[in-house]
Amino acid sequence: MKYHIWTVGCQMNSSDSLRVAAALEAYGCEHTEDVRQADIVVLNTCVVRQSAEDRASGFLWSLKPLKERRPSLVIALMGCMVGIRGNGRLRERFPHVDVFMSPGDVQPLLSYLEQLSLQAGTERCGGDYPILPAYLCGQLVSAPVPVVLGCNHVCSYCVIPARRGHERSRPLATVVSEVETLAQNGVREVVLLGQIVDRYGWDLGRDAPRLPDLLAAVSTVEGIVRVRFLTSHPSYFEEPLIEAVRTLPKVCEHIEVPIQAGDDEILRRMRRGYSVDDYRRLIERIRERVPGCSIATDVIVGFPGETERQFQNTLNVLAELEMDVCHVAMYSPRPGTLAAATMVDDVPPEEKKRRLDAVNTLQEEIAARINRRLLGQRVEILVEGKQKGKWKGRTRTNKLVFFADDSSRDWRGELAEVVITWSGPWSMQAELVTECEKGCAVEARFSGSRSSEG
């Protein structure tokens, strides 16, 4: 049997999809990129925004004719669209779906396949589930690793706690063991994930390891050259975590910490738990302690009741703080959230779009200005693969860089030293620093030190 997995949403969903793929391969299935060739189709869904839910619904309906032509096709719906408690209405809405799976839970699908196998008089293949599917072993350079599941911080607009459940930290030894396995399969970078990753260990007791301890433990894994973590929350980003980023050589100087709004009243109604000044002071501390650190943020525009003045406050804060990246989204009411139940979605769609465009325009200017500072600079990138004939990778500060190399060398998974020759707001072009150039640079430094000593 062949399987196809369609994934939308956050990196947590990407991680869940990798594990589903690995489990299906352990069952004896083979991956295919062509959904028309698949015997099993899994949709891993997101409902954080209405647009993501609409995409999933559209893809589900596109599968109905395929199911009608091939009734043996197994369709499984997974992720936040289903939620941890299931969703009986989905069965009525999508009767052509065979299996409904909570986020990260592959067992309902395996049980269904087992039942089909018994009916057909065959035995199940496979054994213990690996972490990576076979087709990605040796190919995946950076891999997501969930460390905190669910969330306890119930923001008024967010449906995640209802769909992914309460906060559960995974044991440190389990996480480290998974990272070791990933490294053995060619992974060079891991991204530790949590809805609020800073709260790792908080649910395990006062003396349990925290995120800085986990970062230190994962950094000892042989073969892993870079460690990242996301997403952080301003209220829990404490000094030990800043110190871990500053001192642990493998932990990258890149932090994702959403502000969501630049107005205190909006933040209060979002139930974020901090003020604009709190956020401003956090960014100042990070930049003071970790010079050159890149920072990404998130913003929601058009939250219920957001006035033009309050939106302008957000623009002003973004212009002041000059983040490297700003992910911006238009507010959409999510059923089951406090905002949807008690607040009127009173900002017109066209005004939300105008505000989104204004943030994107400002951020493009800021990102272009920040990236121009790297022109002519040598940077180290971890090469992820090839795109349109060029190798691509990311700096420690998460800047996307492309470079050409006419040799037959396979750079995938290697650290390459390059010089930035062109910069834009979203990516950069570079030239590879040759071994000869590196040697000349060393000799120049050595000669310079001798002449200065003389």
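Which element gives the largest share of the lining of the largest cavity? Before we look, note that this is a predicted model, where local features need pLDDT of at least 70 and side-chain atom pairs count only at pLDDT 80 or more, while totals for chains, interfaces and linings use all residues. Residues are numbered from 1 along each chain as its sequence is written, and side-chain values use heavy atoms, with hydrogens and water left out.

Rolling a probe the size of a water molecule over the atoms shows where empty space is left. A cavity is a set of points on a 1 Å grid over the protein atoms alone where a 1.4 Å probe fits but cannot get out, and its lining residues have an atom within 4 Å of a point. Points are joined across faces, edges and corners, and the volume is the space filled by probe spheres set on them.

The structure holds 1 cavity of 30 Å³ or more, and the largest cavity has about 40 Å³ of space. Its lining is made by Ser15, Leu18, Arg19, Ile131, Leu132, Ala143, Pro144 and Leu182. Two elements give two or more residues each: helix H1 (11-27) and strand E6 (142-149). The answer to our question is H1, with 3 residues. Helices (H or I, at least four residues) and strands (E, at least two) are DSSP runs, numbered from the N terminus.

Now follow the chain to cysteine 151, in the loop between E6 and helix H5 (160-164). Cysteine 151 counts as buried because its relative accessibility is 8%, and buried means under 20% relative accessible area (1.4 Å probe, protein chains only). The C-alpha atoms of cysteine 151 and arginine 164 are 7.4 Å apart, with the two residues 13 places apart along the chain.

Conventions
On a 1 Å grid over the protein atoms alone, a cavity is a set of points where a 1.4 Å probe fits but cannot get out, and a pocket is an open set with protein on both sides within 12 Å along at least five of seven lines; lining residues have an atom within 4 Å of a point. Buried means under 20% relative accessible area, exposed over 50%, partly exposed in between (1.4 Å probe, protein chains only).
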